[in-house]
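Let's walk through a protein model together, one question at a time. Have a look at the picture first, then try each question before reading its answer.

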Amino acid sequence: MEVKKLSFQDTLAIGLMLFSLFFGAGNLIFPPALGQAAGENVWVAILGFLTTGVGLPLLGVLAIGLSGSNDAGDLAKRVHPLFATVLMVSTYLTIGPLFAIPRTGAVSYEVGVKPFVAGASDGLGLLIYSVIFFAVTCWLALNPSKIVDRVGKILTPALLIMLVFLVGQAFISPMGAPLAPQGEYQSHAFAKGFQEGYLTMDTLASIVFAIIVVNAIKSKGVRNAKEIAKVCTGSGLIAAFFLGAIYVSLAYLGATSVGTIGQAENGGIILSKAANIYYGSAGNLILGLAIIFACLTTSIGLVSACATFFTRFFPRLTYQNLVYILSIFSLVISNVGLTQLIAFSVPVLIGIYPLVIVLIFLVFLDPLFGGRTEVYRYSMLLTAIVSLVDGLKAANISLGFVTKSFSSYLPLFDISLGWLIPAVAGAVLGYIISLLFSGSSEVSPEQIR
């Protein structure tokens, strides 16, 4: 029987679809802020950022494609069904009502509205705007229609075109030269950039988006596992290329902006001021409108996805009820402000991200250890212990002797990468235990479905 194969055009279309899933206006605010802080070390820092902001999301998509999983939770079930539930709920809360959905409102206000309401009360302006923003989000999420897709297809290219003009000017006529690096960027530029890449939340989102890619491939008649993996790889590389190009360009824009616009609180302010410097008020207007609508389509998609997911756990609540709850909750959270929202999200992401990273790598290495459950469980256990302590440390909560011991004796802990060695040690320990005890077993496809 002949294996159905997709053309390059089909792979390109799926790759652009994946890019549009990952590409949210919220992601635009982090590379410029990194560039400002990293200064002369911007290229080392952005390499770390690309590792977690582009490389790991790509691996997340490939992990689903190569494993043949039917659901994002299938990967986590290799550890334990309860772990899978906790991880997926945590992921949806993070890319949903706790951080990502409120961020769409905060970012679109910071870039699209704030430049035009100078002198007005920030708190009142954000409140009024967020009420309107999330009311529209709620209405469209309750009544999903093709208009949302059409708006997204128009506005994502519009935003990209505006960005090309903006960063193009940054390369042609830089606002200044990169200055001396600040803070951790002075001595640990790569590690700091690596950690900043967590803020995109795309690695968390990848284990959710990947199944959409797999289904898109299957909808074109592809059933062969190798061909699905091949198309996942090709489309993933296409999405990664465009994301990487945008991140590098925006980081350079930020690095060269300090001398002209000064140090900004967040990347939204940098983008807004840069658009004004290069193109005047018209630049602010075009960029603002594009980002507002890009954030709106992202918000609608996330509210809809989260409402659908949480109906599994709250059967008494209808999809419509959950849309109302998620919209109102996100409205409240968005009013803490963009800078504060980012600060609150950092400890949570530092706690969750290592678990997802290690899980993805274990899936790739699965053939080497025969899918033994002990390898997954012990590696994830030690990773979880360190990442929990690390997340608490990022929140300025010390566990006393434990935190001090990790800081003194665990390599890389002070740069938030202390989970690396425990993850490897746990995998080795799990493999040895699986060989010593006869009850050990491999993970079969039936066990994870």
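**Finding our way around**

Pro178 sits in the loop between α8 (146–172) and α9 (189–196), where helices are DSSP runs (H or I) of at least four residues, and strands (E) of at least two, numbered from the N terminus. This is a predicted model, in which local features need pLDDT of at least 70 and side-chain atom pairs count only at pLDDT 80 or more, while totals for chains, interfaces and linings use all residues. Residues are numbered from 1 along each chain as its sequence is written, and side-chain values use heavy atoms, with hydrogens and water left out.

Q: Is Pro178 buried, partly exposed or exposed?
A: Buried means under 20% relative accessible area, exposed means over 50%, and partly exposed is in between (1.4 Å probe, protein chains only). Pro178 has a relative accessible area of 28%, so the label is partly exposed.

Q: What separation do the C-alpha atoms of Pro178 and Ala37 have?
A: Along the chain, Pro178 and Ala37 are 141 residues apart.

Q: How are α5 and α10 oriented to each other?
A: Two packed helices are described by the angle between their axes and the distance between the axes. Axes are lines fitted to C-alpha atoms, for helices over the stretch in contact, and angles run from 0 to 180 degrees between N-to-C directions. Helix α5 (residues 81–98) and helix α10 (residues 202–218) pack at about 115 degrees, with axes 10 Å apart. Angles under 35 degrees count as roughly parallel, over 145 as roughly antiparallel, 65 to 115 as roughly perpendicular and the rest as oblique, so α5 and α10 are roughly perpendicular.

Q: How are α16 and α18 oriented to each other?
A: The axes of helix α16 (residues 373–394) and helix α18 (residues 420–436) come within 7 Å and cross at roughly 150 degrees. That angle makes the two helices, α16 and α18, roughly antiparallel.

Q: Which residue forms a salt bridge with Asp10?
A: Side chains of opposite charge can pair when their charged atoms come close. A salt bridge is a side-chain nitrogen of Lys or Arg within 4 Å of a carboxyl oxygen of Asp or Glu. For Asp10, the closest N and O atoms of the pair are 4.0 Å apart, and the partner is Lys220.

Q: Are Arg78 and Asp366 buried or exposed?
A: Arg78 forms a salt bridge with Asp366, their closest N and O atoms being 3.1 Å apart. Arg78 is in the loop between α4 (73–77) and α5, and Asp366 is in helix α15 (residues 338–369), 288 residues apart. Both Arg78 and Asp366 are buried.

Q: What is the relative accessibility of Asp390?
A: Asp390 forms a salt bridge with Lys393, the closest N and O atoms being 3.8 Å apart. These two residues, Lys393 and Asp390, are three residues apart in helix α16, so about one helical turn separates them. Lys393 is partly exposed at 26%, whereas Asp390 counts as buried at 2%.

Q: How many salt bridges does the structure hold?
A: The pairs above include Arg78 with Asp366 and Lys393 with Asp390. In the structure, the number of salt bridges is five.
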